[in-house]
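Me: Could you walk me through this one, a question at a time? I'd like the cut-offs spelled out as we go.

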Amino acid sequence: MSFSFFWRKILLTFAHVLQDPSKIMSQKHIFHFIFALFIAFSAAAQDHGQATESHGTDTTMHAQAHTADQPMHAEEGAGHEAEGHGHAEYDPAGTAIHHISDANVYSILDFVRIPLPMILYAPETGWDVFLSNKFHPGHHEDGHMAYKKYVMHHGSVFRIADPAYTAEEAEVEGFTHKVEEKEGKPVDVYFATIGGTEYRLHPRTTLDGGVLGGGITPFFDYSITKNVLSMILVALLLGFFFIKAAKAYKANPDKSPKGVQNVLETMFLYIRDEVAIPFIGKEKYMKYLPLLMSIFFFVLGLNLFGQVPFLGSVNVTGNLSVTMIIALVVFVIVNINGNKHYWQHIFWMPGVPVPVKILLAGVEFMSLFIKPLTLMLRLAGNISAGHIAILSFIGLIFIFGKSGESMSGGAIGTAMAIPLTLFMMAIELIVAFVQAFVFTILTASYIGAAIEDAHHGDDHAHAHH
Amino acid sequence: MTGTLAAVGAGLAVIGAGIGIGQVGGKAMEAIARQPEASGDIRSGMILMAAFVEGAALIAILLSIFVK
């Protein structure tokens with residue numbers, strides 16, 4: 001009975017939203033609407049794509065925004081200027097990067113945009129805390145409004161650099177993107193068009209902290225982004241499942257596990273018996289088991305959460321900063337637990353001649369940092385590569401369809417894209433497990449090497465003779 | 001032009017990693033065939049070694065991304 005009630009509720013919500021598209025953004029309906037989308041997303045795609053964009057703008061306004069968009073896309077393409085064409089060249093690489101990046105709005109299938117809290121700090125204006133729907137994010141996660149000197153472009157926040165701009169809120173007509181020379185290096189500069197004037201935006205913070213020329217933003221962004229939200233959700237989900245399983249063990253300790261408890265037990269025992277005990281040792285593994293389990297299930301949960309189709313396909317474990325922090329935790333734990341023999345093997349390898357000792361000290365010292373570095377890169381690289389591959393296959397539709405100009409080309413592209421995407425998703429499902437496992441097994445082996453007793457010290461001496 | 005060279009570099013790194021992981025996997029399969037009772041140990045060792053080879057390739061790929 002409750003099941004049919006649920007479906008009726010979903011369909012009613014869907015009908016309700018169709019009648020009044022402006023309701024889409026109201027948070028009250030979003031959760032029902034997500035389910036409704038699974039049923040009928042393809043049929044209603046076009047209506048809604050436009051409905052979310054319009055917020056009191058007329059059609060001429062739309063036309064302006066689109067023409068302002070075009071030179072930007074043409075520039076981002078691999079040198080293909082779309083001169084005289086109505087359509088900008090489709091840019092698969094740019095699109096893929098846009099979709100795997102973190103964002104300040106949680107978009108589902110380009111029609112549901114869940115606003116996320118923005119927590120921004122700039123030395124001159126102080127703290128600003130507001131929801132990201134103040135930007136009215138539309139197509140491509142570009143904000144249609146500027147709020148307190150901040151604008152949203154491609155899902156991330158930019159700050160207007162021009163001191164001439166003072167408005168509290170203003171309509172953004174479009175974004176342009178230019179490449180400027182700065183100390184001999186090409187630098188991306190973004191401009192926002194507000195009221196016919198192009199305002200320069202501050203450079204985006206780059207991965208390298210501005211060392212390679214990207215520049216550093218003059219504001220600090222502590223926002224709950226899409227990735228942060230996903231991490232919180234996955235952590236809560238894991239907590240829920242594990243507490244449920246733990247209660248089940250307490251309630252009937254003699255019964256065989258079932259349901260979610262069974263799934264977790266299988267994986268838990270596998271990690272304990274195949275990873276923790278062989279690499280760390282029977283006496284000491286209990287101390288490190290919580291760390292290994294947290295890493296395994298957190299990484300696995302995030303990998304799998306990113307694989308769910310139509311759910312925003314977040315790329316959390318493919319984000320270098322996320323994996324960097326996990327690798328940093330591993331680095332710290334390995335090195336504060338390292339015993340005398342571990343450090344001796346790094347700086348003064350026993351059982352080898354002195355010149356080799358000096359040479360090995362350099363190599364081992366470097367490998368101290370290379371180990372967490374590869375840990376960080378491997379996970380981020382694999383997960384991002386999987387997402388990019390899926391997005392490229394989906395991009396075939398637009399490459400063959402010439403961005404919507406050729407219907408038959410689009411059909412051929414779709415026919416190619418569907419099996420390829422399904423194949424890639426199946427591969428990614430394996431990769432999600434393998435990478436979580438590899439991360440855990442490497443952590444265990446690093447810890448094992450750091451706390452190993454010197455019982456094989458004699459072997460070194462024997463090998464030397 | 002430099003972009004193309006970076007792509008060639010990424011491709012070379014992938015060739016190297018492919019040979020390496022192929023060797024690891026092939027030898028592990030041989031070892032399992034010879035001693036099926038040790039398959040558990042061999043398999044986890046195989047994954048570990050494949051991960052090490054892949055790590056080297058990933059550094060090369062990342063460098064080829066950064067060197068525009």
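Predicted model: local features only at pLDDT ≥ 70, side-chain atom pairs only at ≥ 80, totals over all residues.

Me: Which helix of chain A gives the largest share of the side that touches chain B?
Reply: Ten residues of chain A are in contact with eleven of chain B (contact means C-beta atoms, placed from the backbone, within 7 Å). Helix 10 (354-400) and helix 11 (407-451) of chain A each supply at least two residues of that side of chain A; helices here are DSSP runs of H or I with at least four residues, strands are E runs of at least two, and both are numbered from the N terminus. The largest share, five residues, comes from helix 11 of chain A.

Me: How many residues of that side of chain A are nonpolar?
Reply: Ala, Val, Leu, Ile, Met, Phe, Trp, Tyr, Cys and Pro count as nonpolar, Asp, Glu, Lys and Arg as charged, and the others, Gly among them, as polar. On that basis the side of chain A that touches chain B has three polar and two charged residues, and the nonpolar ones number five.

Me: Is B:G55 buried or exposed?
Reply: B:G55 is found in helix 2 (residues 39-66) of chain B, and beyond its neighbours within four places in sequence it is in contact with A:T374, A:L377 and A:R378. A residue is buried if 20 or more other C-beta atoms lie within 10 Å of its own, exposed if 12 or fewer, and partly exposed in between, with C-beta atoms placed from the backbone. B:G55 has 21 such neighbours inside 10 Å, so B:G55 counts as buried.

Me: How do helix 7 and helix 11 of chain A run relative to each other?
Reply: The axes of helix 7 (residues 285-307) and helix 11 of chain A come within 9 Å and cross at roughly 160°; axes are lines fitted to C-alpha atoms, for helices over the stretch in contact, and angles run from 0 to 180 degrees between N-to-C directions. Angles under 35 degrees count as roughly parallel, over 145 as roughly antiparallel, 65 to 115 as roughly perpendicular and the rest as oblique. That is why helix 7 of chain A is described, relative to helix 11 of chain A, as roughly antiparallel.

Me: How many residues of that contact are charged?
Reply: Among the residues that make the contact are A:L292, A:F296 and A:V299 of helix 7 of chain A and A:L429, A:F433 and A:A436 of helix 11 of chain A. By class, the contact of helix 7 with helix 11 of chain A has 15 nonpolar and five polar residues, and the charged count is one.

Me: What about helix 9 against helix 10 of chain A: which orientation do they have?
Reply: A:H345, A:I346 and A:F347 in helix 9 (residues 340-347) of chain A meet A:A361, A:E364, A:F365 and A:L368 in helix 10 of chain A. The axes of these two helices come within 6 Å and cross at roughly 120°. Therefore helix 9 of chain A counts, relative to helix 10 of chain A, as oblique.

Me: Which residue takes a positive phi in the hairpin of strand 6 and strand 7 of chain A?
Reply: Strand 6 (residues 150-153) of chain A and strand 7 of chain A pair in the antiparallel sense over four bridges (pairing needs at least two DSSP bridges between the strands). A:Y150 stands opposite A:R159 in strand 7 of chain A. The hairpin has two residues between the strands, and the residue with a positive phi near 55° is A:H154.

Me: Is A:D162 buried or partly exposed?
Reply: A:D162 lies in the loop between strand 7 (156-159) and strand 8 (169-182) of chain A. Leaving aside neighbours within four places in sequence, A:D162 is in contact with A:Y199 and A:R200. It has 16 C-beta neighbours inside 10 Å, so A:D162 counts as partly exposed.

How values were computed. Residues numbered from 1 in each chain as written. Chains lettered and ligands numbered in written order. Contact = placed C-beta atoms within 7 Å.
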